[in-house]
Amino acid sequence: MGTRSSKRKNIAQILDNEAKSAIDRITDLPDAVLHHILFLLPIKCVAQMSILSKRWKFLWSTFPDLDFTTLNPFEISSKNLKFMNYDKHRNHPLDTAQMDFITQVFSIRDKHSDIRILCFRARLSFSRLNSLIRSAIRHNVKELDIEVTTSVTTDDYFNFPRCVIGSESLRVLKLKSGFRLPPSSIMRDGFQSLHTLSLSLVILYNQPNLSDLFSESSFPLLKKLHLDMCFGLKYLHVGCRGLEDLSLEKCFQLQGLDISCAKLAKMRVTSCFDAYSKKSWVRINAPKLEHLFWQFNAVSDTTIFEPSNFLREAYVGLFMLNRANGMGKVQSVNGFLSGLSHAGSLILESQTFEILSNNNFYIQPFCNLKSLELHTGFKKSNVQGLACLFRSSPTLHTLILKITNDRFIKNKTSRAR
């Protein structure tokens, strides 16, 4: 199978050959097939093809996949299409002229045609953003993927576009900017059809406690939730009954995390928690959890982690700023590791292994553990940590040691007997 870029080149060549042929077989294909083919091309190329005939003009006015991140990745000559580096331009904000192009696309769009995807990265005003999103909602958009910055230098933030909350067609929502969320009571009653929600650079200083937004009764169809750089967020409860995939990143001020999801299978938490807080806590109840990635997270003061019988693999990276933090932190680490007692594969980063090595631990046995990977400098002080883990791993089959120091990393793999 070829890459998306190579597919574009092949399609462009086919279209060029068909244009020279007496028989136009491409135009006779069904709309859905042609829309799928056009999706593989940059959107401006699709727009330029609308001049070929009335048929192609109709295809353009009903084109459902409006991905404007492909603007300017190519040049068109009189003889052929020359594609430039696609990914290089994909994440650059659009300028005023390019935003005008998006506005023109909506102005000529067939009013009865639905939009499957609207995706762009732009620098624009809130009023213009709101206008674009409202237009997409009127066309029953299914996926919104938008990253915006303000058009002028300002300390203000975007208000969350409320028009998306009541949308019955929206399945995927990805927003990245300095958005301020509306009150939880407004958010909680909407998004009845949403499957995926991704919020990045969210401003929560006025409502640092999200204990009732992602409740059992809210977001009834939500399966995937991603929160990244939620500034001001201190307390988060996630209890959506259908959630299967949860990701939290760079929520540095987080002090309390409560996860209670009956169907959660994947969880990723990285660079979270306030390391200086003296009242931080974690509660996890995810009986169907299969994959856990917990990296660069400060140890909380208390941890309650209910084990999952389905846990296949866990990656753990915990750190403490000071070993003098007391037994509370140590017991919290013990509580966290006890929640991994059914894991089949376990990876411990060096700082987590150091915590084990420098404190007296009794860990609940890892009854299903077959593979253990340790990142360590392998100092004398690590013997205690190794002994603790060996005592708690009666079914261990494979041990991998990543021995690290300032100059090199070596992998040592052995089979336990």
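Visitor: Is Asp212 buried, partly exposed or exposed?
Guide: The model is predicted, and its values are computed from that model. Buried means under 20% relative accessible area and exposed means over 50%. The relative accessibility of Asp212 is 34%, so Asp212 counts as partly exposed.

Visitor: Which residue forms a salt bridge with Asp212?
Guide: A salt bridge needs a side-chain nitrogen of Lys or Arg within 4 Å of a carboxyl oxygen of Asp or Glu. For Asp212 the N to O distance is 3.3 Å. The partner is Arg188.

Visitor: How many residues apart in sequence are Arg188 and Asp212?
Guide: Arg188 lies in helix α8 (residues 184-188), and Asp212 lies in strand β9 (residues 209-214). The pair therefore ties together parts of the chain whose separation in sequence is 24 residues.

Visitor: Which residue forms a salt bridge with Asp65?
Guide: The closest N and O atoms of this pair are 2.7 Å apart. Asp65 lies in strand β1 and its partner in the loop between α6 and β4 (117-123), so the pair ties together parts that are 51 residues apart in sequence. The partner is Arg116.

Visitor: Is Asp65 buried or exposed?
Guide: The cut-off for buried is under 20% relative accessible area. Arg116, the partner of Asp65, has 40% relative accessibility and counts as partly exposed. Asp65 has 4%, so Asp65 counts as buried.

Visitor: Where does Lys329 lie?
Guide: Lys329 forms a salt bridge with Asp301, with the closest N and O atoms 3.7 Å apart. Asp301 lies in the loop between β16 and β17 (302-306), so the pair ties together parts that are 28 residues apart in sequence, and Lys329 itself lies in helix α9.

Visitor: How many salt bridges does the structure hold?
Guide: Among the linked residues are Arg121, Asp145 and Glu147, which form a network of salt bridges. For the structure, the count of salt bridges is ten.

Visitor: Why is the pair of Phe68 and Phe101 classed as it is, and what is the class?
Guide: A pair of aromatic rings is described by the distance of the centres and the angle of the planes. Planes over 60 degrees apart count as edge-to-face. Here the centres are 6.1 Å apart and the planes are at 80°, so the pair is edge-to-face.

Visitor: Which residue lies over the face of Phe101?
Guide: Phe101 is in helix α6 (residues 96-107), and both Phe101 and Phe68 are buried. The residue over the face of Phe101 is at 5.7 Å from the ring centre, and it is Lys44.

Visitor: Which residues are linked with Phe160 into a cluster by ring pairs?
Guide: The rings of Phe160 and Phe179 have their centres 6.3 Å apart and their planes at 65°, so this pair is edge-to-face. Phe160 is in the loop between β6 (158-159) and β7 (172-180), while Phe179 is in strand β7. The residues linked with Phe160 are Phe179, Phe191, Phe214 and Phe219.

Visitor: Which element gives the most to the lining of the largest cavity?
Guide: The largest cavity holds about 60 Å³ of space. Its lining divides into eight nonpolar, three polar and no charged residues. Both β16 (291-298) and α9 (327-338) supply at least two lining residues. The element that gives the most, with three residues, is α9.

How values were computed: Residues numbered from 1 in each chain as written. Predicted model: local features only at pLDDT ≥ 70, side-chain atom pairs only at ≥ 80, totals over all residues. Heavy atoms only, no water. Phe/Tyr/Trp six-rings, centres within 6.5 Å; stacked < 30°, edge-to-face > 60°. Helix = DSSP H or I, 4+ residues; strand = E, 2+ residues; numbered from the N terminus. Buried < 20%, exposed > 50% of the residue type's maximum accessible area, 1.4 Å probe, protein only. Lys NZ or Arg CZ within 6 Å of the ring centre and 35° of its normal. 1 Å grid on protein atoms, 1.4 Å probe; cavity = no way out; pocket = protein on both sides within 12 Å on 5 of 7 lines; lining within 4 Å. Points joined across faces, edges and corners; volume = space filled by probe spheres on them. Nonpolar A, V, L, I, M, F, W, Y, C, P; charged D, E, K, R; others polar.
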